[in-house]
Amino acid sequence: MKNTTKKLIASCVLATTSSAFCLSAYSDTIWVGWPSPDKTDERFISMSGTQTNTEYNDIVIKIGIPISATSFDLEFFDGDASGIGLPGFDPDSRYDSHFNAAAYSYTLYEDQNQTGNTTNTIQVKTDADFVNNEWSTFLVGQTASHGVAVNPGDEFYYYRLVLSYTGDTENDIFLNGLKVRVRSDGDSLPELSILDKISVVASPINQFNDPDPTTSGYPYDGSWSFPVRVGSGFNAPLLFTDIDADHKTDNSSPDNTNTIIPGDPADDFSGTASIPKEARLISPNIRYTIFDPSGNLLLSNNDPSGDAPDEETFSYTAAGGAVPEGIYRWNWIGVDAGNTIILETNGELLPPCVCRY
Ligand SMILES: [Ca+2]
Ligand SMILES: [Ca+2]
Ligand SMILES: [Ca+2]
Ligand SMILES: [Ca+2]
């Protein structure tokens with residue numbers, strides 16, 4: 001796709017008469033979120049389909065709750081999908097753009113063995129269970145252990161969260177922005193990482209209500225920095241695939257197998273006599289760099305993918321054939337506000353924001 005314009009805590013108690021403080025089962029109030037636990041940074045997971053010039057994928061998030069924890073909380077920001085279409089028109093809606101769209105299903109499974117099983121469902125909710133433009137509860141005080149034996153060496157209780165659109169992904173008009181965050185008790189932090197593909201976007205999603213770069217104090221600067229974790233004994237090569245970056249010319253690709261599909265609308269669209277310049281342009285032209293765990297530059301790509309279904313892949317194998325373990329960095333700049341990009345890697349895509357609340 002697509003830029004979006006063209007289409008449409010802890011429990012708190014009053015301690016004294018003059019102040020309040022929070023008492024919690026948790027040793028701290030640190031939330032780990034994807035893409036962040038910050039409701040003000042204007043960055044989102046996006047779920048959308050063919051009618052918004054993008055590619056639909058279920059979003060699958062691996063959740064690790066430390067073995068030392070006894071319970072955890074899981075929340076969604078703007079898990080609703082109130083949208084701007086009819087029926088269900090909501091003039092105050094944020095971060096959703098819909099027209100007669102169906103429901104979203106959000107399901108948490110036990111997945112200790114990381115097999116993708118769907119036999120042990122922990123919780124199911126839909127977009128109707130969540131509020132607009134705020135955090136709300138998916139689970140609170142959930143027992144960390146889920147009744148399944150952990151494997152030798154496991155440091156976490158593993159869960160899998162699957163976000164799905166239940167309607168026609170080819171023909172329905174829908175774009176749902178949301179965030180996910182988790183916290184647990186004990187001394188170790190929980191983890192969130194992406195399995196399969198992830199689509200991200202910065203506001204505006206709802207062009208009538210969402211902040212954009214012309215808004216005072218708008219925080220998004222067009223950059224995303226994704227950590228990609230590679231474990232020991234990784235089977236080479238390490239793959240980085242981007243889809244729907246909407247590069248304006250799309251003349252090349254890292255794998256030299258490029259099909260030229262220019263962005264529509266293009267990132268850094270500079271306007272024509274009849275079509276004004278995009279209000280959401282963030283310079284420069286969309287691009288990315290990739291660094292290895294030692295900080296060495298592996299690739300500088302100034303011409304990522306064009307419009308969906310265009311996709312491009314960079315394949316990395318170090319000298320000698322192995323892929324060293326550690327945290328790689330996939331750094332994007334110039335990603336216009338409202339431009340959805342889809343990312344996929346066979347490493348573990350960790351949250352781009354390391355800020356914690
Ligand atoms: Ca909303
Ligand atoms: Ca939403
Ligand atoms: Ca740009
Ligand atoms: Ca796009």
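## Reading the model

Residues are numbered from 1 along each chain as its sequence is written, and chains are lettered from A and ligands numbered from 1 in the order in which they are written. Because this is a predicted model, local features need pLDDT of at least 70 and side-chain atom pairs count only at pLDDT 80 or more, while totals for chains, interfaces and linings use all residues.

## The overall picture

Let's begin with the whole protein. It has 0 helices and 22 strands. Here, helices (H or I, at least four residues) and strands (E, at least two) are DSSP runs, numbered from the N terminus.

Of the 357 residues, 44% count as buried. A residue is buried if 20 or more other C-beta atoms lie within 10 Å of its own, exposed if 12 or fewer, and partly exposed in between, with C-beta atoms placed from the backbone.

Strand β4 has antiparallel partners. It is joined to β14 (residues 198–202) by 3 bridges, and isoleucine 45 has valine 200 of β14 as its bridge partner. With β12 (residues 173–184), β4 pairs over 4 bridges, again antiparallel; there, serine 48 stands opposite leucine 175. Two strands count as paired if DSSP finds at least two bridges between them.

## Strand β15, with one face uncovered

Strand β15 spans residues 224–230. Its covered face holds Trp224, Phe226, Val228 and Val230, whereas Ser225, Pro227 and Arg229 make up the uncovered one.

You can follow β15 to its antiparallel partners too. Over 7 bridges it pairs with β20 (residues 326–333), where glycine 326 is the bridge partner of valine 230. Another 2 bridges pair β15 with β22 (residues 348–349), and in that strand glutamate 348 stands opposite arginine 229.

Arginine 181 belongs to strand β12. It counts as buried because it has 24 C-beta neighbours inside 10 Å.

Now compare sequence with space: arginine 181 and serine 36 are 145 residues apart in sequence, yet 7.3 Å apart from C-alpha to C-alpha. Leaving aside neighbours within four places in sequence, arginine 181 is in contact with Trp31, Val32, Gly33, Pro37 and Glu75. Contact means that the C-beta atoms of two residues, placed from the backbone, lie within 7 Å.

## Backbone features in the loops

Most residues other than glycine have a negative phi, and most peptide bonds are trans.

Glutamate 42, in the loop between β3 (32–34) and β4, has a positive phi of about 65° although it is not a glycine. Glutamate 42 is buried, with 23 other C-beta atoms within 10 Å. Aspartate 268 also has a positive phi, of about 60°, and lies in the loop between β16 and β17 (287–291). It counts as buried because 21 C-beta neighbours are inside 10 Å.

One runs from serine 203 to proline 204, with omega near 10°; proline 204 is in the loop between β14 and β15. Another joins alanine 236 and proline 237, with omega about 0°, and proline 237 sits in the loop between β15 and β16 (238–243).
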